[in-house]
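Dear colleague,

I am passing on the structure we spoke about, with my notes on it below.

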Amino acid sequence: MKRSVIDILDLSTEEIEELIATAQDIIERPAGYARACAGKKLATLFFEPSTRTRLSFEAAMYELGGNVLSVTDAATSSASKGESVADTARTVSCYADIIAMRHPKEGAALVAANAASIPVINAGDGGHCHPTQTMADLLTIRREKGAFSGLTIGLCGDLKFGRTVHSLINAMARYPDNRFVLISPEELKLPSYVKKDVLRERGIPYDQTTDLEAALPRLDVLYMTRVQRERFFNEEDYLRLKDSYILDAAKLRAAKKDLCVMHPLPRVNEIAADVDADPRACYFKQVLNGKYMRMALIMKLLKEAAQ
Ligand code: NCD
């Protein structure tokens, strides 16, 4: 049966484990998967800029022996003529077997999923969710920290508009004994719906602070984020806030020896280049892990759709 993934919560914790196990098997024996999606087509519909996510989906499909159709720019698609997301999704269902879609509007992926006759994967809908980035983040945390529980997780930067942050909190809140440290300027605090519905509702401990350096020594994971310029109403606010936090090698001296420094990328100034050689820097590992998790997800959804 056709199933879409719009939110990380569309996948149960058992399914996350299953996808991680598949991704780990792909890492160990990639040749075993080289024909897994032969004859199948992935359509990537990206109505917002992307390097990693789109190429990661496309590389994932090619490594599974499948093919790719791609819309890389809203301006050159019929969206620019006023076509609705629902009509685009119906149309693409006639050409492809599965869709990965990124769109600037919150809820667009859900609209597409309701209209499409094939599975839709949300590759980011406005400031809302980004479930496959979270899958990349989860595999990274599992490989680096060995577990999803008992962690103090710092999230730093644009917690208001950062969709990767919202999805990661939803995912990590399902595991026991985690605590969150929310580090942001006043204006970019985590939306109250996430705080209330996810953290307070489940009694998960969290602190809010504006001070990265003070929080750093107690963190097991530090998830840095870019200030999301494209979601600001005015450029002045963006310019004032964009360099609120810059992690560098000097600041990292105060951190735990086994801290895992993450970033969904692209980075602007949030992490100085002098951190890149530090063994605690995990952001390029996230990129690679994202491809393996997307391979696992594409296979799972295509298999379910065929049943
Ligand atoms: C993120 C996104 O698009 O939300 N990028 C990504 O997919 N890796 C983060 C960002 O753009 O800042």
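This is a predicted model: local features need pLDDT of at least 70, side-chain atom pairs count only at pLDDT 80 or more; totals for chains, interfaces and linings use all residues.

The contact between them draws on 32 residues from domain 1 and 26 residues from domain 2. As for the bounds, the domain assignment gives residues 8–130 together with 290–306 to domain 1, and residues 131–286 to domain 2.

Between the two domains an area of about 2,500 Å² is buried, 60% of it contributed by carbon and sulfur atoms. On the side of domain 1, the residues that lose the most area to domain 2 are Ile8, Arg52 and His130, which together make up 28% of what that side buries.

Three salt bridges are found across the interface of domain 1 and domain 2, and Glu17 forms a salt bridge with Arg142, with the closest N and O atoms 2.8 Å apart. Sorted by class, the side of domain 1 that touches domain 2 holds 15 nonpolar, eleven polar and six charged residues.

**The ligand surroundings**

The residues around the ligand are Thr53, Arg102, His130, Gln133, Arg163, Thr164, Arg226, Gln228, Pro264, Leu265 and Pro266. His130, listed here around the ligand, is also one of the three residues of domain 1 that lose the most area to domain 2. A polar side-chain atom of Arg163 lies 2.7 Å from an oxygen atom of the ligand, while a polar side-chain atom of Gln133 is 3.1 Å from a ligand nitrogen atom. The backbone takes part as well, in that a polar backbone atom of Pro264 is 2.9 Å from a nitrogen atom of the ligand.

**Backbone details to check**

Leu265 and Pro266, both among the residues around the ligand, are joined by a cis peptide bond with omega at about 5 degrees, and Pro266 lies in the loop between β9 (260–262) and α11. Elsewhere, Asp177, a residue other than glycine, has a positive phi near 60 degrees, and its place is in the loop between α6 (163–172) and β6 (179–183).

With best wishes

Methods:
Residues are numbered from 1 along each chain as its sequence is written. Side-chain values use heavy atoms; hydrogens and water are left out. Domain bounds come from an automatic or database domain assignment. Contact means heavy atoms within 4.5 Å. Buried area is the accessible area (1.4 Å probe) that two parts lose on being put together, summed over both. A salt bridge is a side-chain nitrogen of Lys or Arg within 4 Å of a carboxyl oxygen of Asp or Glu. Ala, Val, Leu, Ile, Met, Phe, Trp, Tyr, Cys and Pro count as nonpolar, Asp, Glu, Lys and Arg as charged, and the others, Gly among them, as polar. A residue is near a molecule or strand if one of its heavy atoms lies within 4 Å of it. A polar contact is a pair of N or O atoms within 3.5 Å; within protein, one must be able to donate a hydrogen and the other to accept it, and residues adjacent in sequence count only if both atoms are side-chain atoms. Helices (H or I, at least four residues) and strands (E, at least two) are DSSP runs, numbered from the N terminus.
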